[in-house]
Amino acid sequence: MAGKPQPSAFAPACSIRRSLLAVAVLALICFALLSLRSLRSPPQFSSPKMAVAEVTRDVASPGLSSSSIYHSPEVFFKSYAEMEGKFKVFIYPDGDPNTYFQTPRKLTGKYASEGYFFQNIRESRFRTEDPDQAGFSVEKMQCKEKGVVDNRLDQVVQETKDGEKKILVAVMGTSYENMTMIVQNYVESLIGKYPYWNRTLGADHFFVTCHDVGVRAFEGLQMVIKNSIRVVCSPSYDVGYIPHKDVALPQVLQPFALPSGGNDIENRTILGFWAGHRNSKIRVILARVWENDTELAISNNRISRAIGELVYQKQFYRTKFCICPGGSQVNSARIADSIHYGCIPVILSNYYDLPFNDILDWQKFSVILKESDVYQLKSILKSIPHEKFSELHKHLVEVQKHFEWHSPPAPYDAFHMVMYELWLRHHEKRRISFMFLF
């Protein structure tokens with residue numbers, strides 16, 4: 001027994017160490033293999049983004065989903081399709097069924113956008129006769145301005161049982177104070193007669209006006225201004241306009257005199273162009289500083305028709321950048337003109353919440369400047385490389401369809417873009433649809 005070797009006390013420990021080492025090596029090899037597999041092919045799994053993209057391909061028009069003129073193309077097209085299927089609007093029957101405002105809306109002129117919207121809402125699938133189906137209500141009335149002093153609210157008419165129409169109120173040359181009082185009485189009559197306002201204190205109501213007179217007529221109705229959505233052509237957020245609640249209505253001067261421009265950059269030899277009345281401080285400065293410049297075509301007044309037929313409109317075709325300074329309001333129909341004729345709009349207006357700003361990336365098809373940049377206007381425009389100008393022009397052509405009105409409305413036109421802006425706000429209120437105030 002003395003010569004027989006004794007088993008070592010460390011043998012079990014060594015065996016355990018070897019086993020642990022073997023397991024560690026095996027785990028390391030497996031990890032390395034998994035890492036190499038992940039490098040060769042990305043993991044396949046379902047995600048919300050992938051689901052959105054798949055739906056988008058089904059609902060988006062060909063070639064649109066890849067466009068960079070939108071902040072988020074996938075979200076826009078998916079939500080737009082949902083809007084078309086679910087969104088409903090109830091239009092008030094003008095308060096007392098026997099009383100209504102005669103408000104013929106023209107589809108021409110500076111305020112054609114307002115006329116088109118009122119016509120389109122009646123032609124569209126969004127309108128419902130069932131107020132319980134709608135979460136948005138529209139109040140219908142129109143305030144006009146004629147000349148400088150003739151601020152006119154159209155006649156209030158009552159239809160008698162035998163069909164005879166009797167004028168109740170005819171306001172010609174009325175003051176803003178009287179106009180506000182008339183509007184206030186009208187809105188309060190709707191609130192008293194129908195229960196819909198009290199559902200949300202007017203948060204699911206909106207009214208539409210392109211003229212600043214219509215905006216001022218509501219000054220006495222703070223509950224409407226604060227709670228309801230204002231769809232206006234003068235969206236200046238330094239005078240009460242509330243971005244993300246209110247909506248900027250594009251001011252489009254239709255019908256256009258000439259066809260849309262596009263893919264014609266070789267014909268655009270003029271650096272910049274503006275012609276108009278000096279009815280704002282920025283326009284006065286623009287004309288004073290650049291009127292005699294040889295590269296910027298800046299005119300103190302509108303181009304006279306005596307010079308030739310459609311000379312003003314044809315100038316858009318020959319120009320790279322069209323200057324769009326604010327006038328009596330921050331907005332200008334010149335922006336939509338520039339877009340239509342393929343001339344890059346140069347926004348020269350402070351406090352302007354641009355139309356469809358929640359959807360469109362204006363940096364991709366326009367040049368946005370502060371009013372103080374007017375003194376460096378020429379150097380700023382000349383510093384834009386030709387490649388950048390070509391890209392802006394390409395995107396401008398893509399965006400033209402969003403700044404056109406049609407009757408009946410067409411997919412993705414100005415009407416549908418306004419409705420989509422309202423749809424975005426309906427999501428914030430978690431309702432199915434809206435009611436239309438005016």
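Two aromatic rings of Phe, Tyr or Trp, the last taken by its six-membered ring, are said to pair if their centres lie within 6.5 Å of each other. With that in mind, a search of the whole structure, which is a predicted model, finds 31 aromatic pairs. One of them joins Phe-117 and Phe-415, whose ring centres are 5.5 Å apart and whose planes stand at 55°, so this pair is described as tilted. Since Phe-117 belongs to helix H4 (residues 112-123) and Phe-415 to helix H14 (residues 414-429), the pair ties together parts that are 298 residues apart in sequence. Both Phe-117 and Phe-415 are buried.

A second pair, formed by Phe-256 and Tyr-341, has ring centres 6.2 Å apart and planes at 80°, and because planes over 60 degrees apart count as edge-to-face, this pair is given that name. Here Phe-256 comes from the loop between strand E10 (247-248) and E11, while Tyr-341 comes from helix H11, so the pair ties together parts that are 85 residues apart in sequence. Both Phe-256 and Tyr-341 are buried. Ring pairs also link Phe-87, Phe-117, Phe-118, Phe-126, Phe-206, Phe-415 and Trp-423 into a cluster.

The charged end of Lys-320 sits over the ring of Phe-389, at 5.8 Å from its centre, and Lys-193 lies over the face of Tyr-194, at 5.9 Å from the ring centre.

The protein chain has 438 residues, of which 49% count as buried, and its secondary structure comes to 14 helices and 16 strands. Among the contacts in the protein chain with a separation of 6 or more, 72% are made by residues 24 or more positions apart.

Five of the strands can be followed together, for an open sheet of 5 strands runs in the order E12-E11-E13-E14-E15, with parallel pairing. Strand E12 (296-299) and strand E15 (367-369) stand at the edges, each with a single partner strand, so one side of each is left without a neighbour in the sheet. From one strand to the next, the twist averages 20°.

Which strand does the order place between E11 and E14? That place is taken by E13, which spans residues 319-325 and is mostly covered, with 6 of its 7 residues buried. Strand E11 (residues 270-275) pairs with E13 in the parallel sense over 3 bridges, and in this pairing Phe-273 has Cys-322 of E13 as its bridge partner. Strand E14 (residues 344-348) pairs with E13, again in the parallel sense, over 5 bridges, and Cys-322 has Pro-345 of E14 as its bridge partner. To pass from E13 to E14, the chain crosses through helix H11 (residues 333-341), and this β-α-β crossover is right-handed.

Helix H11 lies across E11, E13 and E14, and runs at about 165° to E13. Helix H13 (residues 386-399) also packs on the sheet, where it touches E13, E14 and E15, and its direction makes about 95° with that of E14.

At the other end of the strand order, E11 and E12 pair in the parallel sense over 4 bridges, and Trp-274 has Ile-298 of E12 as its bridge partner. In H9 (residues 281-290), the residues Ile-282, Arg-283, Ile-285, Leu-286, Ala-287 and Trp-290 are buried, and the buried residues of H9 pack against E11, E12, E13, H11, E14 and helix H12 (377-382).

What can be said of the two faces of E12? In a regular strand the side chains alternate between the two faces of the sheet. The covered face of E12 carries Leu-296 and Ile-298, whereas Ala-297 and Ser-299 belong to the uncovered one.

How values were computed
Residues numbered from 1 in each chain as written. Predicted model: local features only at pLDDT ≥ 70, side-chain atom pairs only at ≥ 80, totals over all residues. Heavy atoms only, no water. Buried < 20%, exposed > 50% of the residue type's maximum accessible area, 1.4 Å probe, protein only. Pairing = 2+ DSSP bridges. Right-handed = clockwise from strand over helix to strand, strands pointing away. Phe/Tyr/Trp six-rings, centres within 6.5 Å; stacked < 30°, edge-to-face > 60°. Lys NZ or Arg CZ within 6 Å of the ring centre and 35° of its normal. Axes fitted to C-alpha atoms, helices over the stretch in contact; angles between N-to-C directions. Contact = heavy atoms within 4.5 Å.
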